[in-house]
Amino acid sequence: MGRYYNGDVDGKFMFAVQSSDAHERFGARSEHLDYIPYVVYRESYAEICAELDSIKQKGHVDKVNKMFKNEEGWNDEIQERYNVTDKDLSEYADYQIGLQLKEFFDNNPDTDECRFEAEF
């Protein structure tokens, strides 16, 4: 069973490594305490790009991409073989969310906000 988010961006949180508030790292603001409705405003675009660059520069994304190029999933043994830590996986998962938000604004230039809900 997984946890999902949906709205202007849709996806599934990476199992056991990503929290439901991962979008907050990219400027999302929780609007309620139930299902966690979020909004990210276009004014956060520079923050989104800066956070993506920061994650990318630390090498987490490249390490996990290399692992997933050869493996369909992961476990402790696979992570050890590719020297991928839980932190690498968590940063990779957050990077994917940030990339989705960036692409939403890139693909919707006349939209000032991205709205979605995330499961607890």
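How are α2 and α4 oriented to each other? In this predicted model, local features need pLDDT of at least 70 and side-chain atom pairs count only at pLDDT 80 or more, whereas totals for chains, interfaces and linings use all residues. Residues are numbered from 1 along each chain as its sequence is written, and side-chain values use heavy atoms, with hydrogens and water left out.

**View 1. The crossing of helix α2 with helix α4.** The axes of α2 (residues 60–70) and α4 (residues 86–107) come within 8 Å and cross at roughly 95°, and the two helices are therefore roughly perpendicular to each other, a term that covers angles of 65 to 115 degrees. Axes are lines fitted to C-alpha atoms, for helices over the stretch in contact, and angles run from 0 to 180 degrees between N-to-C directions. Helices (H or I, at least four residues) and strands (E, at least two) are DSSP runs, numbered from the N terminus.

**View 2. Residues where α2 meets α4.** From α2, the residues His60, Val61, Lys63, Val64, Asn65, Met67 and Phe68 meet Lys87, Asp88, Leu89, Glu91, Tyr92 and Tyr95 of α4, contact being heavy atoms within 4.5 Å. By class, this contact of α2 with α4 has seven nonpolar, two polar and four charged residues, where Ala, Val, Leu, Ile, Met, Phe, Trp, Tyr, Cys and Pro count as nonpolar, Asp, Glu, Lys and Arg as charged, and the others, Gly among them, as polar.

**View 3. The open sheet of five strands.** The strand order is β2-β1-β5-β4-β3, with antiparallel pairing, and two strands pair if DSSP finds at least two bridges between them. The edge strands, β2 (11–12) and β3 (29–30), each pair on one side only. Helix α4 lies across β1 (4–7), β2, β4 and β5, and runs at about 145° to β5.

**View 4. Strand pairs within the sheet.** A hairpin joins β1 to β2 through three residues; two bridges link these antiparallel strands, and Tyr5 stands opposite Gly11 in β2. Strands β1 and β5 pair in the antiparallel sense over three bridges, with Phe116 in β5 as the bridge partner of Gly7. Strands β4 (residues 37–41) and β5 (residues 113–118) run antiparallel and are joined by five bridges, and Val39 stands opposite Arg115 in β5.

**View 5. An aromatic cluster.** Tyr5, Phe13, Tyr38 and Phe116 form one aromatic cluster, in which rings of Phe, Tyr and Trp (its six-membered ring) pair if their centres lie within 6.5 Å. By this rule, the count comes to six aromatic pairs.

Terms used. Angles under 35 degrees count as roughly parallel, over 145 as roughly antiparallel, 65 to 115 as roughly perpendicular and the rest as oblique. Rings of Phe, Tyr and Trp (its six-membered ring) pair if their centres lie within 6.5 Å; planes under 30 degrees apart count as stacked, over 60 as edge-to-face and the rest as tilted.
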